[in-house]
Amino acid sequence: MNSSLQHEPPRATAVFQLQLRKMGRILRPELIGLALILSPTAIMALGLLMQRDAALDYPPELNLLLPAAAFLLPFRLWSKERLFDRGDFLFMPVERRKHILIRVCAGAVWALGLAAAVVILFNLLALAAGSPTIGAAWRWLVPLGSVATAYLLGSALVLALRHPLRWSLGLVLAFALLSAFDLSAPLEPSIQVILHGDLGLERVLSGGASSMNWAVALLFWFGLSLTAVALVSLRHREG
């Protein structure tokens, strides 16, 4: 008699919850560091509020800092995983590509949750001081949209390349050398379109002049980054 047991693979929700907890453990040093930075900031802000003459505007620099951190987050989350030698996922009871995509989704929850917490904190401080907040209701979504897009772009890079950090540093160094020797002129029109065009990243990061302009640019870049993640994840199919 065959005594082998057939086990059904775990549900996607169970794997998702497991990955959420795992990423929480991975990010524990960063979470402690963030708390150590934000706690004194909030305390000093409350002290200024008690003086009744504080101006605590929402810092627009957050709209750049948060997506920059979100882009780097996948490098941290995948730093100890061996994606390309099929070591860590070989014996998982979930299909490899599906498991990777679930992990990307879990990371997105962490990225969006942390970004939302920071945005809410600084807006509450600005509101308590009677200073300008982030603005209209749709502008509250601008940092979250840019964080989601940047996180997916970073994830696509990590999943696509065996050594993504080396490639990233290499590209930055190459562009710096081209600029230093005044050889970047042929690239400048394309860079201007990517950064400042009608669908440029500047609108995704800053919100642009109107909610419609921002929404169109965000949909373009979010769709592009989501497609990139889906395509590069095909490299990790089993079989």
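Reader: Which residues does L159 touch, not counting residues up to four places away in sequence?

Author: Happy to start there. In this predicted model, L159 touches W78, L83, F84, I100, V104, V229, V232 and H236, with residues up to four places away left out.

Reader: What makes these touches count as contacts?

Author: The cut-off is on heavy atoms, which must lie within 4.5 Å.

Reader: Which residues have the most contacts inside the largest nonpolar core?

Author: L159 is one of them, along with L66, L77, W78, L83, V104 and Y151, in a core of 33 residues. Helices α3 (62-77), α4 (96-129), α5 and α9 each supply at least two residues, and α4 gives the most, with nine. Apart from this core lies another, of six residues, including W214 and W221.

Reader: What is the make-up of the contact of α5 with α9, by nonpolar, polar and charged residues?

Author: Among the residues that meet are L152, A156 and L159 in α5, and L218, F222 and V229 in α9. The contact divides into 15 nonpolar, five polar and no charged residues.

Reader: How do you know whether S233 is buried or exposed?

Author: S233, in the segment after α9, has a relative accessible area of 1%. Buried means under 20%, so S233 is buried. Leaving aside neighbours within four places in sequence, S233 is in contact with R97 and L101.

Definitions and conventions
Residues are numbered from 1 along each chain as its sequence is written. This is a predicted model: local features need pLDDT of at least 70, side-chain atom pairs count only at pLDDT 80 or more; totals for chains, interfaces and linings use all residues. Side-chain values use heavy atoms; hydrogens and water are left out. Helices (H or I, at least four residues) and strands (E, at least two) are DSSP runs, numbered from the N terminus. Ala, Val, Leu, Ile, Met, Phe, Trp, Tyr, Cys and Pro count as nonpolar, Asp, Glu, Lys and Arg as charged, and the others, Gly among them, as polar. Buried means under 20% relative accessible area, exposed over 50%, partly exposed in between (1.4 Å probe, protein chains only). A nonpolar core is a set of buried Ala, Val, Leu, Ile, Met, Phe, Trp, Tyr and Cys residues joined through side-chain atoms within 4.5 Å.
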